[in-house]
Amino acid sequence: MAIDMTLLKKLRDATFAPLGDCKQALEEANGDFDQAQEILRKKGILKAGKKAERETNEGNVKLIQKDGWLAGIKLLCETDFVAKNETFAELIDLLLEKIIAHKSEVTSLETIDAGLLESLQTIIAEFIGKIWENVQIGAVILNNKTAYVYNHPGNKVASIIYYEGTDNGIAKELALQVAAMNPTYLSFDDISTQEKEELLTQYREEMATSGKPANIIDQIIEGKLRKTLGESVLLEQEYIRDGGKKVKDLISGDFVVKWFVRLSI
(Lines give C-alpha, C1' and ligand atoms only; values in the text may rest on other atoms or scores of the structure.)
Protein backbone atom coordinates (compact mmCIF):
# COMPACT_ATOMS: atom_id res chain seq x y z
CA MET A 1 0.00 0.00 0.00
CA ALA A 2 1.08 3.60 -0.61
CA ILE A 3 2.19 5.29 2.60
CA ASP A 4 1.13 8.85 3.39
CA MET A 5 4.44 10.67 3.91
CA THR A 6 2.87 13.11 6.37
CA LEU A 7 1.64 10.17 8.47
CA LEU A 8 5.05 8.51 8.19
CA LYS A 9 6.78 11.65 9.48
CA LYS A 10 4.22 11.96 12.29
CA LEU A 11 4.90 8.37 13.38
CA ARG A 12 8.66 8.90 13.22
CA ASP A 13 8.43 12.05 15.36
CA ALA A 14 6.16 10.31 17.87
CA THR A 15 8.21 7.12 18.29
CA PHE A 16 11.83 7.97 17.31
CA ALA A 17 11.90 4.63 15.46
CA PRO A 18 13.83 4.38 12.15
CA LEU A 19 11.87 5.38 9.06
CA GLY A 20 12.03 1.85 7.66
CA ASP A 21 10.40 0.42 10.79
CA CYS A 22 7.77 3.18 10.77
CA LYS A 23 6.94 2.44 7.13
CA GLN A 24 6.66 -1.29 7.84
CA ALA A 25 4.45 -0.66 10.88
CA LEU A 26 2.09 1.53 8.88
CA GLU A 27 1.88 -1.11 6.19
CA GLU A 28 1.06 -3.81 8.77
CA ALA A 29 -1.55 -1.50 10.31
CA ASN A 30 -3.05 -0.60 6.94
CA GLY A 31 -2.34 3.06 7.61
CA ASP A 32 -3.84 3.14 11.11
CA PHE A 33 -1.60 5.49 13.13
CA ASP A 34 -2.51 4.20 16.61
CA GLN A 35 -2.14 0.57 15.60
CA ALA A 36 1.23 1.34 13.99
CA GLN A 37 2.39 2.90 17.26
CA GLU A 38 1.37 -0.24 19.14
CA ILE A 39 3.23 -2.43 16.64
CA LEU A 40 6.39 -0.37 17.13
CA ARG A 41 5.95 -0.44 20.92
CA LYS A 42 5.80 -4.24 20.98
CA LYS A 43 8.74 -4.58 18.61
CA GLY A 44 10.69 -2.14 20.75
CA ILE A 45 10.23 -4.26 23.87
CA LEU A 46 11.47 -7.31 21.98
CA LYS A 47 14.47 -5.44 20.62
CA ALA A 48 15.30 -4.05 24.05
CA GLY A 49 16.59 -7.47 25.08
CA LYS A 50 18.89 -7.59 22.06
CA LYS A 51 20.49 -4.29 23.02
CA ALA A 52 21.09 -5.20 26.66
CA GLU A 53 24.77 -6.05 26.16
CA ARG A 54 25.71 -2.74 24.55
CA GLU A 55 27.79 -0.40 26.74
CA THR A 56 26.03 2.39 28.62
CA ASN A 57 28.62 5.00 29.54
CA GLU A 58 26.35 8.05 29.47
CA GLY A 59 23.18 8.94 31.36
CA ASN A 60 21.75 11.13 34.11
CA VAL A 61 21.15 11.03 37.85
CA LYS A 62 18.34 12.64 39.81
CA LEU A 63 17.01 12.80 43.38
CA ILE A 64 13.56 13.87 44.57
CA GLN A 65 11.78 14.18 47.92
CA LYS A 66 8.03 13.83 48.26
CA ASP A 67 5.62 13.04 51.10
CA GLY A 68 8.48 12.31 53.49
CA TRP A 69 10.26 9.94 51.08
CA LEU A 70 13.50 10.31 49.16
CA ALA A 71 13.91 8.62 45.79
CA GLY A 72 16.90 8.58 43.49
CA ILE A 73 17.93 6.95 40.26
CA LYS A 74 21.01 6.64 38.08
CA LEU A 75 19.86 5.89 34.54
CA LEU A 76 22.43 4.93 31.93
CA CYS A 77 22.31 5.13 28.15
CA GLU A 78 24.74 4.79 25.25
CA THR A 79 25.11 8.36 24.03
CA ASP A 80 25.20 11.88 25.41
CA PHE A 81 22.71 12.82 22.68
CA VAL A 82 20.05 10.65 24.30
CA ALA A 83 21.03 11.73 27.84
CA LYS A 84 20.41 15.36 26.88
CA ASN A 85 17.10 14.59 25.17
CA GLU A 86 13.96 15.92 26.84
CA THR A 87 12.28 12.52 26.50
CA PHE A 88 15.07 10.94 28.58
CA ALA A 89 14.43 13.48 31.33
CA GLU A 90 10.73 12.65 31.16
CA LEU A 91 11.55 8.94 31.46
CA ILE A 92 13.60 9.60 34.61
CA ASP A 93 10.73 11.59 36.14
CA LEU A 94 8.30 8.76 35.35
CA LEU A 95 10.60 6.16 36.91
CA LEU A 96 11.10 8.30 40.02
CA GLU A 97 7.35 8.64 40.47
CA LYS A 98 7.03 4.83 40.28
CA ILE A 99 9.86 4.39 42.77
CA ILE A 100 8.63 6.92 45.33
CA ALA A 101 5.07 5.54 45.16
CA HIS A 102 6.48 2.16 46.27
CA LYS A 103 7.08 3.52 49.81
CA SER A 104 9.27 0.65 50.95
CA GLU A 105 13.01 1.12 51.49
CA VAL A 106 15.35 0.25 48.64
CA THR A 107 19.05 0.20 49.45
CA SER A 108 20.41 -1.31 46.22
CA LEU A 109 19.43 -2.95 42.94
CA GLU A 110 20.20 -6.30 44.52
CA THR A 111 17.55 -5.80 47.21
CA ILE A 112 14.88 -4.03 45.16
CA ASP A 113 11.39 -5.55 45.21
CA ALA A 114 10.94 -7.81 42.18
CA GLY A 115 7.58 -6.29 41.30
CA LEU A 116 8.92 -2.75 41.35
CA LEU A 117 11.96 -3.73 39.29
CA GLU A 118 9.79 -5.44 36.69
CA SER A 119 7.59 -2.35 36.45
CA LEU A 120 10.61 -0.10 35.93
CA GLN A 121 12.17 -2.41 33.36
CA THR A 122 8.94 -2.61 31.37
CA ILE A 123 8.80 1.18 31.13
CA ILE A 124 12.46 1.27 30.10
CA ALA A 125 11.96 -1.45 27.49
CA GLU A 126 9.18 0.54 25.86
CA PHE A 127 11.45 3.59 25.83
CA ILE A 128 14.25 1.60 24.21
CA GLY A 129 11.81 0.76 21.47
CA LYS A 130 11.51 4.47 20.77
CA ILE A 131 15.12 5.61 20.96
CA TRP A 132 16.74 2.36 19.74
CA GLU A 133 19.70 2.26 22.08
CA ASN A 134 20.40 0.47 25.33
CA VAL A 135 19.17 1.99 28.61
CA GLN A 136 19.98 0.47 31.99
CA ILE A 137 19.35 1.29 35.65
CA GLY A 138 22.63 1.99 37.42
CA ALA A 139 21.29 2.65 40.92
CA VAL A 140 18.03 3.11 42.83
CA ILE A 141 17.56 4.72 46.24
CA LEU A 142 14.37 4.90 48.29
CA ASN A 143 14.01 5.69 51.99
CA ASN A 144 12.22 8.00 54.43
CA LYS A 145 15.25 9.17 56.41
CA THR A 146 15.99 12.80 57.25
CA ALA A 147 18.15 14.04 54.42
CA TYR A 148 19.17 16.96 52.24
CA VAL A 149 19.40 16.29 48.50
CA TYR A 150 21.35 18.21 45.88
CA ASN A 151 21.07 17.83 42.11
CA HIS A 152 23.98 19.49 40.35
CA PRO A 153 23.13 21.34 37.11
CA GLY A 154 23.65 19.05 34.13
CA ASN A 155 22.23 15.97 35.85
CA LYS A 156 25.58 14.17 36.03
CA VAL A 157 26.12 14.43 39.81
CA ALA A 158 23.75 14.36 42.77
CA SER A 159 24.37 13.99 46.50
CA ILE A 160 22.53 13.14 49.71
CA ILE A 161 23.40 14.10 53.27
CA TYR A 162 21.68 12.03 55.95
CA TYR A 163 21.69 13.92 59.23
CA GLU A 164 20.17 14.71 62.59
CA GLY A 165 19.48 18.28 63.59
CA THR A 166 17.64 21.37 62.46
CA ASP A 167 20.22 23.31 60.45
CA ASN A 168 19.46 22.68 56.78
CA GLY A 169 22.13 25.22 55.89
CA ILE A 170 24.89 22.93 57.14
CA ALA A 171 23.34 19.99 55.34
CA LYS A 172 23.29 21.99 52.10
CA GLU A 173 26.97 22.91 52.39
CA LEU A 174 27.90 19.29 53.05
CA ALA A 175 25.87 18.14 50.03
CA LEU A 176 27.71 20.65 47.83
CA GLN A 177 31.02 19.43 49.25
CA VAL A 178 30.20 15.79 48.52
CA ALA A 179 29.14 16.61 44.97
CA ALA A 180 32.28 18.63 44.28
CA MET A 181 34.97 16.62 46.08
CA ASN A 182 33.68 13.02 45.93
CA PRO A 183 34.78 11.77 49.37
CA THR A 184 34.86 8.05 50.13
CA TYR A 185 34.53 8.09 53.92
CA LEU A 186 32.70 10.20 56.48
CA SER A 187 35.45 10.12 59.14
CA PHE A 188 38.78 8.43 59.80
CA ASP A 189 36.94 5.81 61.84
CA ASP A 190 35.27 4.52 58.66
CA ILE A 191 38.58 3.60 57.01
CA SER A 192 39.47 -0.08 57.29
CA THR A 193 42.49 -1.21 59.28
CA GLN A 194 43.74 -3.03 56.20
CA GLU A 195 43.83 0.12 54.08
CA LYS A 196 45.66 2.01 56.81
CA GLU A 197 48.20 -0.79 57.26
CA GLU A 198 48.89 -0.98 53.52
CA LEU A 199 49.71 2.73 53.43
CA LEU A 200 51.79 2.52 56.61
CA THR A 201 53.84 -0.31 55.09
CA GLN A 202 54.39 1.72 51.93
CA TYR A 203 55.52 4.81 53.87
CA ARG A 204 57.81 2.81 56.17
CA GLU A 205 59.55 1.35 53.12
CA GLU A 206 59.96 4.83 51.65
CA MET A 207 61.46 6.15 54.91
CA ALA A 208 63.62 3.13 55.66
CA THR A 209 66.82 4.71 54.28
CA SER A 210 66.09 8.30 55.34
CA GLY A 211 68.55 8.16 58.26
CA LYS A 212 66.08 10.03 60.47
CA PRO A 213 65.43 9.01 64.09
CA ALA A 214 62.62 6.48 64.61
CA ASN A 215 60.40 8.92 66.49
CA ILE A 216 60.71 11.51 63.69
CA ILE A 217 59.96 8.85 61.07
CA ASP A 218 56.83 7.87 63.00
CA GLN A 219 55.66 11.49 63.07
CA ILE A 220 56.31 11.92 59.34
CA ILE A 221 54.50 8.70 58.50
CA GLU A 222 51.52 9.66 60.66
CA GLY A 223 51.35 13.04 58.93
CA LYS A 224 51.55 11.48 55.48
CA LEU A 225 48.85 8.96 56.40
CA ARG A 226 46.42 11.61 57.64
CA LYS A 227 47.10 13.85 54.62
CA THR A 228 46.56 11.05 52.09
CA LEU A 229 43.46 9.62 53.74
CA GLY A 230 42.14 13.04 54.70
CA GLU A 231 41.58 13.86 51.03
CA SER A 232 38.98 11.09 50.85
CA VAL A 233 37.40 11.75 54.28
CA LEU A 234 34.50 14.20 54.12
CA LEU A 235 34.98 15.78 57.55
CA GLU A 236 38.74 16.19 56.99
CA GLN A 237 38.55 17.72 53.50
CA GLU A 238 39.27 21.39 52.89
CA TYR A 239 36.00 23.28 52.69
CA ILE A 240 35.33 24.20 49.04
CA ARG A 241 34.30 27.77 49.95
CA ASP A 242 37.22 28.42 52.30
CA GLY A 243 40.45 26.43 52.02
CA GLY A 244 41.46 27.64 55.48
CA LYS A 245 38.73 25.53 57.04
CA LYS A 246 38.01 21.83 57.16
CA VAL A 247 34.52 20.53 56.59
CA LYS A 248 34.26 19.42 60.22
CA ASP A 249 34.57 23.10 61.21
CA LEU A 250 31.11 23.67 59.70
CA ILE A 251 29.43 21.31 62.17
CA SER A 252 27.80 23.11 65.09
CA GLY A 253 24.87 22.99 67.47
CA ASP A 254 22.75 19.86 67.38
CA PHE A 255 23.82 18.89 63.87
CA VAL A 256 25.12 15.34 63.35
CA VAL A 257 26.12 13.88 59.98
CA LYS A 258 24.99 10.27 59.73
CA TRP A 259 26.18 9.39 56.23
CA PHE A 260 26.29 10.60 52.64
CA VAL A 261 25.67 9.22 49.14
CA ARG A 262 26.96 10.51 45.81
CA LEU A 263 25.50 9.47 42.46
CA SER A 264 27.44 10.32 39.32
CA ILE A 265 27.91 9.47 35.66
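This is a predicted model: local features need pLDDT of at least 70, side-chain atom pairs count only at pLDDT 80 or more; totals for chains, interfaces and linings use all residues.
Figure 1. Residues are numbered from 1 along each chain as its sequence is written, and side-chain values use heavy atoms, with hydrogens and water left out. Phe188 lies in the loop between α7 (168–181) and α8, helices being DSSP runs of H or I with at least four residues and strands runs of E with at least two, numbered from the N terminus. At 14% relative accessibility Phe188 counts as buried, a class that means under 20% relative accessible area, with exposed meaning over 50% and partly exposed in between (1.4 Å probe, protein chains only). Asn57, 131 residues apart from Phe188 along the chain, has its C-alpha atom separated from that of Phe188 by 32 Å.

**Figure 2. Glu236 in the loop between α9 and β6.** The loop that holds Glu236 runs between α9 and β6 (238–239), and Glu236 is buried there, with a relative accessible area of 13%. When its neighbours within four places in sequence are left aside, Glu236 is in contact with Phe188, Arg226, Gly230, Lys246 and Lys248.

**Figure 3. Packing of helix α8 against helix α9.** Helix α8 (residues 193–207) and helix α9 (residues 214–230) have axes 10 Å apart and pack at an angle of about 135 degrees, the axes being lines fitted to C-alpha atoms, for helices over the stretch in contact, and the angles running from 0 to 180 degrees between N-to-C directions. The two helices α8 and α9 are therefore oblique to each other; angles under 35 degrees count as roughly parallel, over 145 as roughly antiparallel, 65 to 115 as roughly perpendicular and the rest as oblique. The crossing in which α8 passes α9 is right-handed, a crossing being right-handed if the near helix is turned clockwise from the far one by less than a right angle, and left-handed if anticlockwise. From α8, Glu195, Lys196, Leu199, Leu200, Tyr203, Arg204, Glu206 and Met207 meet Ile217, Ile220, Ile221, Lys224, Leu225, Thr228 and Leu229 of α9. The residues of this contact of α8 with α9 comprise nine nonpolar, one polar and five charged, where Ala, Val, Leu, Ile, Met, Phe, Trp, Tyr, Cys and Pro count as nonpolar, Asp, Glu, Lys and Arg as charged, and the others, Gly among them, as polar.

**Figure 4. Packing of helix α5 against helix α6.** Helix α5 (residues 86–102) and helix α6 (residues 114–131) cross at roughly 165 degrees, and their axes come within 10 Å. That angle makes α5 roughly antiparallel to α6, and α5 passes α6 in a right-handed crossing. On the α5 side, Thr87, Phe88, Leu91, Leu94, Leu95, Lys98, Ile99 and His102 meet Leu116, Ser119, Leu120, Ile123, Ile124 and Phe127 of α6. The contact of α5 with α6 divides into ten nonpolar residues, three polar and one charged.

**Figure 5. Ile137 in strand β3.** Strand β3 (residues 135–143) is the place of Ile137, which counts as buried at 13% relative accessibility. Leaving aside neighbours within four places in sequence, Ile137 is in contact with Ile73, Lys74, Leu75, Leu109, Leu117, Leu120 and Ile124; of these, Leu120 and Ile124 are also among the residues of α6 that α5 meets. Asp13 lies 124 residues apart from Ile137 along the chain, and their C-alpha atoms are separated by 25 Å.

Figure 6. Most residues other than glycine have a negative phi. Asn30, although not a glycine, has a positive phi of about 55 degrees; its place is in the loop between α2 and α3 (33–50), and at 62% relative accessibility Asn30 counts as exposed. Lys103, likewise not a glycine, has a positive phi of about 50 degrees and lies in the loop between α5 and α6, where it counts as partly exposed at 42% relative accessibility.

Technical notes
Contact means heavy atoms within 4.5 Å.
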